[in-house]
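Please read the points below with the sequence and the model at hand.

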Amino acid sequence: MRYVVDASIVYDWLIPENAAALSRALWERFRGAGPDRVHAPLLLQSEVVNTVVRDELKRGRPAAVVRSLIRTFAGYRIHWQADPLPATRLAELRLAGLTGQDATYVAFAQALRLPLATVDERLARVLRAWRGGPALVALRD
Amino acid sequence: MRTTLSAEAKKIRTREQRERLARETERLGRILVRYIKHKKTGAQRVRESRRSG
């Protein structure tokens, strides 16, 4: 399966203590030599690093542990965005009410014509109600 | 006289018990709030970090 991930999924992969069911299921398919091909915009790197560093330091984790988590993240086999996203598309998504970050994930998934995996309920709700958006990766029954 | 003392002691015990229960409830409430805060989802943590930079 090929899909785009957002930071909510990758954060769950890295710190799975309270991970959503979809994140856990996708991790089983992605880890090691899993069959999934995962794509992400460059924004994901900033978001994951920023959230992990901020939260783990706040929770009293030593800097060495935080660095180790970031090294683990850096080793993930993610296919990173190679080309800039069309600014006009980003603007349209912002005008439609998405945040700048959500617009980036949606525009990237649309550019690659791939479904988007997210466990961010707010974004998922918007995409479910919007016919023109990318499909959402869901758990199979 | 004896009955009065006993009744008074019972009342104090009851008040002490009530106060202890209130303290314990408050303590458990604080633990619960801390637990709930700690149990934020990944999505919530990402959104928070976006807001606070």
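1. The structure is a predicted model.

2. Composition of chain A. Chain A contains 7 helices and 4 strands. Read from the N terminus, its elements follow the order β-α-α-β-α-α-β-α-α-β-α.

3. Dimensions of chain A. Along the principal axes, the C-alpha atoms of chain A occupy a box of roughly 45 × 30 × 25 Å. The radius of gyration of chain A is 15 Å, which agrees with the value near 14 Å that a compact globule of 141 residues would have. Of the 141 residues in this chain, 32% count as buried. Where contacts in chain A join residues at least 6 apart in sequence, 60% of them link residues at least 24 apart.

4. The sheet. In which order do the 4 strands of the open sheet in chain A lie? The order is β3-β2-β1-β4, and the pairing is parallel. At the edges are β3 (78–80) and β4 of chain A, each of which pairs on one side only. Helix α6(A) packs on this sheet, where it touches β1, β2 and β4 of chain A. The direction of α6(A) makes about 160 degrees with that of β1(A).

5. Pairing of β1(A). Strand β1 (residues 2–5) of chain A pairs with strand β2 (residues 37–40) of chain A in the parallel sense over 3 bridges. Within β2(A), V38(A) is the residue that stands opposite Y3(A). β1(A) also pairs in the parallel sense with strand β4 (residues 116–117) of chain A, over 2 bridges. In β4(A), A117(A) stands opposite V5(A).

6. The nonpolar core. The largest nonpolar core comprises 33 residues. Among the residues with the most contacts inside this core are V5(A), V10(A), V106(A) and A117(A). Helix α6 (residues 100–112) of chain A supplies the largest share of the core, 6 residues. Apart from neighbours within four places in sequence, V10(A) is in contact with V5(A), L44(A) and V48(A).

7. R113(A) lies in the loop between α6 and β4 of chain A. Its phi is near 55 degrees, a positive value in a residue other than glycine. Is R113(A) buried or exposed? R113(A) counts as exposed because it has 9 C-beta neighbours inside 10 Å, and the cut-off for an exposed residue is 12 or fewer.

8. Chain B. Chain B has 2 helices and 0 strands. Of its 53 residues, 11% count as buried.

9. The contact between the chains.

Definitions and conventions. Residues are numbered from 1 along each chain as its sequence is written. Chains are lettered from A and ligands numbered from 1 in the order in which they are written. This is a predicted model: local features need pLDDT of at least 70, side-chain atom pairs count only at pLDDT 80 or more; totals for chains, interfaces and linings use all residues. A nonpolar core is a set of buried Ala, Val, Leu, Ile, Met, Phe, Trp, Tyr and Cys residues joined through C-beta atoms within 7 Å. A residue is buried if 20 or more other C-beta atoms lie within 10 Å of its own, exposed if 12 or fewer, and partly exposed in between; C-beta atoms are placed from the backbone. Two residues are in contact if their C-beta atoms, placed from the backbone, lie within 7 Å. Two strands pair if DSSP finds at least two bridges between them. Axes are lines fitted to C-alpha atoms, for helices over the stretch in contact, and angles run from 0 to 180 degrees between N-to-C directions. The radius of gyration is taken over C-alpha atoms; the globule rule is 2.2 Å times the number of residues to the power 0.38.
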